[in-house]
Amino acid sequence: MVSWKSILAMRIDIITCLPELFEGPMNQSIVKRAQKKGLVELYIHDLRPFTSNKQKSIDDYAYGGGAGMVMMIEPIDRCISALKKHTDYDEIIFMTPDGEKLNQSTCNQLSLNKNIILLCGHYKGIDQRVRDHLITREISIGDYVLSGGELAAMIVADSLIRLIPGVLNDESSALTDSFQDDLLAPPVYTRPAIYNGWKVPKILLSGNKAVINDWRHEAAVKKTKERRPHLLN
Ligand code: 6GU
């Protein structure tokens, strides 16, 4: 019998030369719970054991000169080939600031995949032949430069994992996220109703679901108009 978990579960393989960076963030809270529940299989692969040279180096000088080392194709190819032996990947994604910019719609689309690889770049760059021949997609998390692709890969992994059905306690809660309906999320409040003289909007205390939903929708539209007007077009 095929279990619903094996249908819903997603496998994410991350290739990095800094595996230790993932230990904290990927072992807490929602991501940890998703792994425990068997809804996501997350594997972090250290690139270094895939080198074949004596120095165990994964980078080398750039052809044509210039500052900065370039990540070599061989260890990356060997690592990806080893993974491909036992898994069919839907996407092999290179994390790079010049990739397509991540947004919620890309996250939703990627979350439908069964198996993906996230390759973290480092140093000044990566041999272009990796990008030309081994990679299926390139993703950036925004127009600024990070020291490496690791933080970006964690952001992608986190954003996908919370979309897997069953990961969040309340099934509707990923659907009410900011951006899911092209609106930012409305403000939320919890007890006490008055703190320091600062009051929770009265409508939220009314118990009238329809009126509360209208208020939330209006607040979401207002916030989106102010902060992300382009989402409303
Ligand atoms: Cl994916 N990598 C790096 N190194 N910097 C970035 C990025 C990725 N996205 C935005 N800046």
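Biologist: Starting with the ligand: which residue has a polar backbone atom 3.0 Å from a nitrogen atom of the ligand?
Modeller: That is I141. The cut-off for a polar contact is a pair of N or O atoms within 3.5 Å; within protein, one atom must be able to donate a hydrogen and the other to accept it, and residues adjacent in sequence count only if both atoms are side-chain atoms.

Biologist: What sort of model is this?
Modeller: It is a predicted model, in which local features need pLDDT of at least 70 and side-chain atom pairs count only at pLDDT 80 or more, while totals for chains, interfaces and linings use all residues. Residues are numbered from 1 along each chain as its sequence is written, and side-chain values use heavy atoms, with hydrogens and water left out.

Biologist: Back to the ligand. What lies 3.4 Å from a nitrogen atom of the ligand?
Modeller: A polar side-chain atom of S140 does, and a backbone N or O atom of G148 also lies 3.4 Å from a ligand nitrogen.

Biologist: And which residues surround the ligand?
Modeller: M95, T96, P97, I139, S140, I141, G142, Y144, L146, G148, G149 and A152.

Biologist: Changing topic, how is the protein divided into domains?
Modeller: Domain 1 covers 4–161 and domain 2 covers 179–232, with bounds from an automatic or database domain assignment. Taken over C-alpha atoms, the centres of domain 1 and domain 2 are 37 Å apart.

Biologist: Is C17 buried or exposed? What about C120, buried or exposed?
Modeller: C17 is buried, at 11% relative accessible area, and C120 is buried as well, at 0%. Buried means under 20% relative accessible area, exposed means over 50%, and partly exposed is in between, using a 1.4 Å probe and protein chains only.

Biologist: Where is R11?
Modeller: R11 sits in strand β1, residues 10–16. Strands (E, at least two residues) and helices (H or I, at least four) are DSSP runs numbered from the N terminus. R11 counts as buried, at 13% relative accessibility.

Biologist: Which side chain makes a polar contact with the side chain of R11?
Modeller: That of D13, at 2.7 Å. Leaving out residues up to four places away in sequence, R11 also touches E41, Y43, L83, H86, T87, Y89, K114, N115 and I116. Contact is heavy atoms within 4.5 Å.

Biologist: Where is T224 found, and is T224 buried or exposed?
Modeller: T224 is in helix α7, residues 209–227. T224 is buried, with a relative accessible area of 0%.

Biologist: What lies 2.9 Å from a polar atom of the side chain of T224?
Modeller: The backbone nitrogen of L184. Beyond neighbours within four places in sequence, the contacts of T224 are D182, L183, L184, P229, L231 and L232.

Biologist: Now the backbone. Which peptide bond is cis?
Modeller: The one from R191 to P192, with omega near 5°. P192 lies in the loop between α6 (150–161) and β9 (194–195). Most peptide bonds are trans, and most residues other than glycine have a negative phi.

Biologist: What is the phi of F179? And of N196?
Modeller: F179 has a positive phi of about 80° without being a glycine. F179 is in the loop between α6 and β9 and is partly exposed, at 33% relative accessible area. N196 is not a glycine either, and its phi is positive, about 60°. N196 lies in the loop between β9 and β10 (198–199) and is exposed, at 59%.

Biologist: Last topic: how many aromatic pairs does the count come to?
Modeller: One. Y195 and W198 form a tilted pair, 6.2 Å centre to centre with 50° between the planes. Rings of Phe, Tyr and Trp (its six-membered ring) pair if their centres lie within 6.5 Å; planes under 30 degrees apart count as stacked, over 60 as edge-to-face and the rest as tilted. W198 is exposed, at 61% relative accessible area.

Definitions and conventions:
A residue is near a molecule or strand if one of its heavy atoms lies within 4 Å of it.
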